[in-house]
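User: I am new to this structure. Please take me through it in plain terms.

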Amino acid sequence: MVIKQVFDFDEYLGFCESFKNDLEYSDPHFIYSPDTLYTALNRSDRSVYAVFDEDSIIGLFVLLILPEDSYAEMLIGFSKKEKAYCELIGMMKDKYAGFTMDFVFNPANQAIKEVLIKNNALLYPEQVRMVAKAPSPYQPRHRVELLSDEYEEQYRRMHTKDTYWTAERVLSAKDRFKVFVAISGDEIVGYLDVTYCFPENEPYDFKVKESHENEMIEADLLSYALRQNLPNRMMYLVDVDNETEIAILEAVGFKRVEKQNSMTGTIGRL
C-alpha cells in the first residue's frame, strides 16, 4: 500500500463521483460544495493525496494544511477502507508531527470513525446542516449593529479564547468576516462572527452573556445577519439533538438539509 500526493486527479474523478450517492460513505463537504474538490489543486493551502492498494486507488483526500498555525484539516475524504485512513494519518504524523488535525466526515462512515477512535481523537456530536436563503418575518428584541470602534474592546474581552478564529484574527480578516453585536444600554450582550464574502456564508462564533441568556439574542443576531447577507445564502451547523437551538434557527428562517449531516474528529497532536 502506498500514499502519494496528486497534482492532476482527472483520472480519479470517477472514483470520487462514485461516493456522491452513497449514504454511508458520501462526503458532506463534497455534497454541498463540490468545488472543495474541483478547485483544490489551485489553492496554495490545499494538498490532495491518494492511497493505492497495489494498482487500485482505495482513497482520495483533500487536505487544508496551515504550517504557520501547525494545523491541518481533512476537507474531503473518499474511502471505504480503514487502512486508507490509517495510511493518511500515518503520513501526516511523519510530515506534520505536532500539528492539530480535524476530520469532517459522514456520521455513517464507520471506517474513519474506528480509525479516529484508535488514534485517540476527540469526536464531537453529529451535526445537522441548516440553510437560509432569506430571513423570516421574525422581529428582533434587541438592538443589533455592525461592530464599531466604540465596542471593539468589549468584544475582544468577551470573545472565545480557545479557538483558531480569535477576536484578533477575525478583526484582521475584514475581507472575510463581519461582526455583529447585540447592545443593551452601552453594553455588548452578544456577538456573532460570520463570513460575508461567499455565495453561502457561515457563522463561525457566537456568544451571549450569561446574564442575558434566554432572551432570544441569538435569534436577534442571526436575523440581522441574514438581512445583511442578502442575496447570498447562509449555512449553520448545529448538534442534531439540540432542539432548542434548532427551534431558534427555524424561527429566523433556517431549514434543515437532509442527508448532509456531519461529524468532526480532532487529533490534538499528530
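**Sheets, helices and single residues**

User: Which residue stands opposite Glu200 in strand 13?

Analyst: This is a predicted model, in which local features need pLDDT of at least 70 and side-chain atom pairs count only at pLDDT 80 or more, while totals for chains, interfaces and linings use all residues. Residues are numbered from 1 along each chain as its sequence is written, and side-chain values use heavy atoms, without hydrogens and water. Strand 11 and strand 13 pair in the parallel sense over 2 bridges; strands are DSSP runs of E of at least two, helices runs of H or I of at least four residues, both numbered from the N terminus. In strand 13, Glu200 stands opposite Arg233.

User: Which strands stand at the edges, each with a single partner strand, in the sheet with strand 11?

Analyst: The sheet is open and has 4 strands in the order 11-13-7-14, with mixed pairing. One side of each edge strand is left without a neighbour in the sheet, because each has a single partner strand: these are strand 11 (200–201) and strand 14 (255–256).

User: What is the bridge partner of Met130 in strand 14?

Analyst: Strand 7 covers residues 127–132 and runs antiparallel to strand 14, joined to that strand by 2 bridges; two strands pair if DSSP finds at least two bridges between them. In strand 14, Met130 has as its bridge partner Arg256.

User: Which strands does helix 8 touch where it packs on the sheet?

Analyst: Helix 8 spans residues 217–229, and its direction makes about 150° with that of strand 13 (233–239). Such angles run from 0 to 180 degrees between N-to-C directions, with axes fitted to C-alpha atoms, for helices over the stretch in contact. The strands touched by helix 8 are strand 7, strand 11 and strand 13.

User: What is the bridge partner of Val131 in strand 13?

Analyst: Strand 7 and strand 13 pair over 6 bridges in the antiparallel sense. Within strand 13, the partner of Val131 is Met235.

User: At about what angle does helix 9 run to strand 13?

Analyst: Helix 9 is made up of residues 243–252. Helix 9 lies across strand 7, strand 13 and strand 14, and its angle to strand 13 is about 165°.

User: How many residues in the contact of helix 8 with helix 9 are nonpolar, polar and charged?

Analyst: Glu218, Ala219, Leu222, Ser223 and Leu226 in helix 8 meet Glu245, Ile248, Leu249 and Val252 in helix 9, where contact means heavy atoms within 4.5 Å. Ala, Val, Leu, Ile, Met, Phe, Trp, Tyr, Cys and Pro count as nonpolar, Asp, Glu, Lys and Arg as charged, and the others, Gly among them, as polar. The residues of this contact divide into 6 nonpolar, 1 polar and 2 charged.

User: Is helix 4 oblique or parallel to helix 5?

Analyst: Helix 4 (residues 82–95) and helix 5 (residues 110–118) pack at about 45°, their axes being 8 Å apart. That angle makes helix 4, relative to helix 5, oblique; under 35 degrees counts as roughly parallel, over 145 as roughly antiparallel, 65 to 115 as roughly perpendicular and the rest as oblique. Glu82, Tyr85, Cys86 and Ile89 in helix 4 meet residues of helix 5 including Ala111, Ile112 and Val115.

User: Is Ile89 buried or exposed?

Analyst: Ile89 belongs to helix 4. Apart from neighbours within four places in sequence, Ile89 is in contact with Phe103, Val115, Leu116, Asn119 and Ile267. With a relative accessible area of 4%, against limits of under 20% for buried, over 50% for exposed and partly exposed in between (1.4 Å probe, protein chains only), Ile89 is buried.

User: Which residues does Ser47 contact, leaving aside its neighbours within four places in sequence?

Analyst: Ser47 lies in strand 2, residues 46–53. Ser47 counts as buried because its relative accessibility is 13%. Its contacts beyond those neighbours are Gln5, Phe61, Val62, Leu63 and Ile65.

User: How far apart in space are Ser148 and Val181, C-alpha to C-alpha?

Analyst: Ser148 is in the loop between strand 8 and helix 6 (152–158), and counts as partly exposed at 26% relative accessibility. Ser148 and Val181 are 33 residues apart in sequence, and their C-alpha to C-alpha distance is 9.1 Å.
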